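Student: I would like to learn how to read the features of a structure like this one. Could we go through them one at a time?

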Amino acid sequence: MAEGAGRLAVGCYTLAVSAQPFQPSMARAAAALQRGRGAEALEALSQALGSSELRREDELVIRCGMAEAWLLRDDVTQATAVLGRPPDVLRERIPPARLSAMWRLHGRLAALRGDQSRAIALLGRALKQAELALDSRAIGLAHYELGVCYRQVGDPSIVREEVGKAISALNAAGDRRHLAQCHSLLAIVSAQSGRSDEATSALRQAEQLATVARAEDVMALVCGNQANVALMRHRHDQALALADRAVSLHERAGSVHGLAVALASLGQICVRMGDLPRAEQALRRALDVRSPVQFHETKGAVFDTLAQIHLVRGEYDAAEQCLYQASEAYGTYGLQASRWYEWSVRLLTARLALRRGMRTDALRLATEMAATPGVPPADAVQAELLAVEALLGDGRVEEAEQRLGVVAARLEPRSTPGAWGDYLRLRAQVHLHHGRSTDAYHDLAQSASMFDLLGERYKAAQSRLALARLVAQVGARSAAERHLREAVAVFESLGAAPDLDEARAGAFLQPPARTTGEYLAAPGEADDVIVRRLVDAAVMPDLLALETASAFSEAASGDAAIVFLRSGGDDVRVVSVTGCDLDAAARLARSALRGAAYGSGEYFLDPIGHEGDDQRLVLVASPRPIGQATIRRLRMIAAVARQGFALCGSRERAAQPADERALRTLDAIMPGFVCASAAMTRVAEQIRRLQGNDLTVLITGESGTGKELVARAIHLGSPRSGGVFLPYNCTTTTRELADSQLFGHRRGSFTGAVNDQAGLIRSASGGSLFLDEIGDLPPEVQPKLLRFLEQSEIMPIGETRPQRVDVRVITATNADLEQRVAEGKFREDLYYRLTVIRIHVPPLRERREEIPHLCALFLREACERLGKPDVQLSAEALDLFSQHWWPGNVRQLRNEIQRAVALSGAEDLVGADQLSPGFAALLDEEPRPGFHGPAARAGTLPLGLAVEQLEREMIKAALDRSSGNVSESARTLGLTRRGLYLKMRRLGLETRE
């Protein structure tokens, strides 16, 4: 251990001090910081800071820790005070790792004050110092903070790039706390870009990491983001539960600003669900929170939501004031504030103008917003729908119809179901203008169903009020009164005064000369509209179930219509129902299944497909006997519904593999995988693209580069991940045994075959077989492998009939397969069959920027395995590692670090003299003439690289002499024409023929 130095690491926080007495306090502080408990960390660090034995370097360490702790408590002022002046005004020499921490904290403080430009500049200095220190964790934190800043600036592509670099570095450092924060930030960017599946996957990873790290404040943050994504996906009950949990977690963690954000999200969710009193309570409580950390942004969001509440209630002046306060809050936050919030304010401003009857202003504002570059697609659709509503209010139906057509082309009901409900309501008005009352009725009914499904009570009530007005016009007074009662109940609960006044006026309920009390629509005219309504509803299975029940109830004028699932016997689960509650629906379903009578009426029961192993049925309970004409209509509706559910099922099955693959991120399938270089990023991208297919893959690269790790990642990311991954090295057996080991044999088929042998290929059935060093496969076995790859059949020794086997083959080699093909040692047809997909893993010397991250990863693994906590590598050792040529690649690096840890004591600092003799010799060597860069420090070029360079130069010279004639060049070099072509492709040379 270095004299007079103490280093204590807990989780991801490493606090270095010079004296042993401070270590208990530093241990408590590190643990508290890891869990997000700023008050506990401050108490421990304050004790250490008050010591008279404190050195200046120790003081800087403690002050950085205290700044982190104050920031956990959202106190920017105290964090600024304890951190002190920027490092560039300090006179003493400060190590790069400590400089990185100080610059990062100063950058974070600048970002929290809204000065993103200064923050990015300071964080750039932090990153530079972290790279000089070869500190993976410091590099990762700098990239993460840069990602946070760029998110405020509004450049999602740069955010993704910065977060990707942060994840690689933090993964190597084992910093699960900040890894969770990285995945959470990635989820926000994905959600705001409309990629909700990616966001959900990233948040699931963040939740797992935060749980392992026991980081309560990060878990609260993740939970709040999960609530927002659930809200975007219109899963309101799930969003409400998550928002409640986020509030509780923030209260327990003592995160003031986090609590304000969670309350703002809770308020927005309650507005969507129509619980305005609870929404207002949560939002007022959020305004009472006093936190200087980005509070302008949160305050703007709160006033934005309060404006929505006032709009519903018809309090237009109050809504205008809230929108002004929201804009002012975002403006105070500066031009660096994310434009994500701007769109909501602009939409609400246009909606307010529309509600006030200022349709020209509303049309202008909505049109301008829809045409603004960079507007999110969902907000652009909402702006177009507002413009259509303004045009319809002005009687400009033709223009409205034209713009509705534009919206229809851009609308995706499954991803924006709320916009679909608004679209249907507006399309109904166009139908009415053209006298298509039946079409209008079904559009309004489906609009109400969609909003019911989403839990958006206010919009559902608006559609029902329009329904009441429509059916009253054709004399269906009883139906009109039913829709009106439902709308009035919702408006009363929400305090929606303008809508309530319109509904209570009820002038439209005055019937025409002849009334029947029922909706008037001839069955023949309505059938085609019902079909279109069910086809439209097939975008979502839940909506289709609700619409099926409604269509059955209307067609049979039944007391109740139910769609339910039957598992067996009387075991039923109601999916949707009209006319009664869920308990009554379950009783009716069981009664119909038993064949019981329905009073003086009857049941109509028809199967409409399956959901998994359960049978799906539709039931209508009619108060009177059902005639044959009605039965034919019901069967027609059931047939359409059956096809609709089949369409929903096929769509979900097609989407399922993509959803599963989205969950298999690179971190999950390649634990410890580091891709901090452009070369390895390309490898990672190739692996991602292979997820979901079954193609044969050839992995090339030098020994020790990690080819088997890549093969395992391909397997784990494929549909075969549940099967076995079976590796086999083609150099480990003789030619005589290779055939038997791969393809199997029958007992007695040759001397020594005393038992049946399945062979590796059959043993890997349903999974993946990894053939390492495929270039050394005996030539006698190669034809049988080729047949298996082409026909999926094998012929075990002693068998007389081929057997089919379902196995994916992944191969790897560090040999020059093209040369072996040219020499006749490897079959050319097998070569082409194996190289359907080719992945080259670059040697470590071509991705030196990953060496610090790999060192951190292997050092952590070795310390845990050998039970030697907190062994560290000196800067001198890391410098030697970054210069070495690593002929053994990553495997050699891992073994070297394991050796160093094994020979060190706990908390030792590994110096250059403790490394293998070859590394110490590098310190005294001078560069050789003709060599430059790191290779010169190694004393010689690696053999493989030297051979490759020589081949390239000889081929170029031969081509030059022959003016690019490949045949002549091949004869000069002693190769076949095809062999030269293969070698040129490997070396990246192009022919001029």
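Tutor: A term first: contact means heavy atoms within 4.5 Å. Keep in mind as well that this is a predicted model.

Student: Which strands does helix H31 lie across?

Tutor: Helix H31, residues 678-690, lies across strand E7 (697-700), E12 and E13. Its direction is at about 150° to that of E13.

Student: In what order do the strands of that open sheet stand, and is the pairing parallel or antiparallel?

Tutor: The general idea is that strands of a sheet pair through backbone hydrogen bonds, either parallel or antiparallel. Here five strands form an open sheet, and its order is E8-E9-E12-E7-E13. The pairing is parallel. Strand E8 (725-729) and strand E13 (837-840) are the edge strands, each pairing on one side only. On average, neighbouring strands of this sheet are turned by 20° against each other, direction ignored.

Student: How many bridges join strand E9 to strand E12?

Tutor: Four bridges join E9, residues 768-772, to E12, residues 808-813, and the two strands run parallel.

Student: Which strands run antiparallel to E6?

Tutor: Strand E3 (residues 560-568) is joined to E6 by seven bridges, and the two run antiparallel. In that pairing Arg566 stands opposite Gln615 in E6. Strand E5 (residues 602-611) also pairs with E6 in the antiparallel sense, over eight bridges. There, Glu611 has Asp614 in E6 as its bridge partner. The hairpin of E5 and E6 has two residues between the strands, and in it Gly612 takes a positive phi near 65°.

Student: Why is strand E6 described as largely enclosed?

Tutor: Eight of the nine residues of E6, which spans 614-622, are buried, so the strand is largely enclosed by the rest of the structure. Buried here means under 20% relative accessible area.

Student: What should I make of a positive phi?

Tutor: As a general idea, most residues other than glycine have a negative phi. Asp74 has a positive phi of about 65° although it is not a glycine. Asp74 lies in the loop between H3 and helix H4 (76-83), and its relative accessibility of 9% makes it buried. Leu134 is another case, with a positive phi near 55°. Leu134 sits in the loop between helix H6 (116-133) and H7.

Student: Is Leu134 buried or partly exposed?

Tutor: Leu134 is partly exposed, since its relative accessible area is 23%.

Student: How many disulfides are there?

Tutor: A disulfide is a covalent bond between the sulfur atoms of two cysteines. The rule applied here asks for a pair of cysteine sulfur atoms within 2.5 Å. By this rule the count is zero disulfides. As for how accessible individual cysteines are, Cys182 is buried at a relative accessible area of 0%, and Cys270 is buried at 1%.

Student: How many salt bridges does a search of the whole structure find?

Tutor: The idea is a side-chain nitrogen of Lys or Arg within 4 Å of a carboxyl oxygen of Asp or Glu. The search finds 50 salt bridges. One of them joins Arg63 and Glu59, with the closest N and O atoms 2.8 Å apart. These two residues are separated by about one helical turn, because they are four residues apart in helix H3 (residues 56-72). Arg63 is partly exposed, at 23% relative accessibility.

Student: Which salt bridges link distant parts of the chain?

Tutor: Among them is the pair of Arg137 and Asp175, whose closest N and O atoms are 3.0 Å apart. Arg137 is in helix H7 (residues 136-153), while Asp175 is in the loop between helix H8 (156-173) and helix H9 (176-192), 38 residues apart. Both Arg137 and Asp175 are buried. Another pair is Arg285 and Glu251, with the closest N and O atoms 2.2 Å apart. Arg285 belongs to helix H14 (residues 276-288) and Glu251 to helix H12 (residues 236-253), 34 residues apart. Arg285 is partly exposed at 37% relative accessibility, and Glu251 is partly exposed at 41%.

Technical notes: Residues numbered from 1 in each chain as written. Predicted model: local features only at pLDDT ≥ 70, side-chain atom pairs only at ≥ 80, totals over all residues. Heavy atoms only, no water. Pairing = 2+ DSSP bridges. Axes fitted to C-alpha atoms, helices over the stretch in contact; angles between N-to-C directions. Buried < 20%, exposed > 50% of the residue type's maximum accessible area, 1.4 Å probe, protein only.
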